[in-house]
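The sequence and the structure are shown first.

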Amino acid sequence: MSAAARHPIRASQTPERARRIALFGGTFDPIHSGHLAVARAALRRFRLHQLIFVPTSRPPHKHRRNMACYLDRFAMVALACAGNPKFVISLAESGADHSGREVFYSVDTVRHFQRKLRGSGTRLFFLVGADSFLDLHSWRDYRTLLGLCDFIVASRPGFRMDALRRVIPPEMLAPASGEARPNPRKIALRRTTVHVLDAVSSHVSATEVRRRLDRGHSVHGLVPPRVEEYITKQALYR
């Protein structure tokens, strides 16, 4: 296992202040080209120094029986990240024995990274898809989570900002600033900010990839070549 996987923050630290790091959590079952398109867009738009992929162990909101085991999902993300020096994979949700049997909540994972980053002058972001953000009320301690770090919400073409505003408790919104032209891609909260990452158009989904594999169809182009090779060799999703 690489040092970058064990210590993602320390692996590429530099003396530069105000570093920008985003956490990208998910089941990644499997990781696909849509995930990577969002990650690359976030790197560019927010000038991130590092984007940390955090494969979930046993996600609280998903109970699909045939989910690939944690080690396989971790391996696929590692293969997908290998070509980009700013992409790092974390074992933060692997559990004490790295088996992926424990349940982790996003609020605890963010706190974990905040402790590691304390005193480093790093600005932390949490990258999430719009559909997941709209389900925010079902997340553990979501009000606390909203106040811990900035969010980057990856939307799809035609997505309306009003939908995001409706799931944020009104008392957490920052008072109106009186700006003549408020930023239409940003929602200011009292302690943090929700940014919208738009124009990320991808019709790939993990569900569709699994369905194609189950039917014996090709997933060429839907997942990175190394991931496709791994899936074939391990006979996953069949």
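## Contact between helix 3 and helix 9

In this predicted model, L71, D72, A75, M76, L79 and A80 of helix 3 are in contact with R226, V227, Y230, I231 and Q234 of helix 9, where contact means heavy atoms within 4.5 Å. Sorted by class, the contact comprises eight nonpolar, one polar and two charged residues. Nonpolar here covers Ala, Val, Leu, Ile, Met, Phe, Trp, Tyr, Cys and Pro; charged covers Asp, Glu, Lys and Arg; the others, Gly among them, count as polar.

Two packed helices are described by the angle between their axes and the distance between the axes. For helix 3 (residues 70-81) and helix 9 (residues 225-234), the angle is about 150 degrees and the axes lie 8 Å apart. Axes are lines fitted to C-alpha atoms over the stretch in contact, and angles run from 0 to 180 degrees between N-to-C directions. Helix 3 and helix 9 are therefore roughly antiparallel, a term applied to angles over 145 degrees. Their crossing is right-handed, meaning that the near helix is turned clockwise from the far one by less than a right angle.

## Strand 4 and its partners

Strand 4 (residues 123-129) has five buried residues out of seven, buried meaning under 20% relative accessible area with a 1.4 Å probe, protein chains only. Strand 4 pairs in the parallel sense with strand 1 (residues 20-26) over five bridges, and in the parallel sense with strand 5 (residues 150-154), also over five bridges. Pairing requires at least two DSSP bridges between the strands.

L127 of strand 4 is the bridge partner of F24, and L127 also stands opposite I152 in strand 5.

## The surroundings of I152

I152 is buried, with a relative accessible area of 0%. The C-alpha atoms of I152 and L127 are 4.7 Å apart, although 25 residues separate the two along the chain. Beyond its neighbours within four places in sequence, I152 contacts F46, F125, F126, L127, V128, H195 and L197.

## The protein as a whole

The protein contains nine helices and seven strands; these are DSSP runs numbered from the N terminus, helices being H or I of at least four residues and strands E of at least two. Of the 238 residues, 47% are buried. Among contacts between residues at least 6 apart in sequence, 72% join residues at least 24 apart.

## Basis of the values

Residues are numbered from 1 along each chain as its sequence is written, and side-chain values use heavy atoms, with hydrogens and water left out. Local features need pLDDT of at least 70 and side-chain atom pairs count only at pLDDT 80 or more, while totals for chains, interfaces and linings use all residues.

Conventions:
Buried < 20%, exposed > 50% of the residue type's maximum accessible area, 1.4 Å probe, protein only. Parallel < 35°, antiparallel > 145°, perpendicular 65-115°, else oblique.
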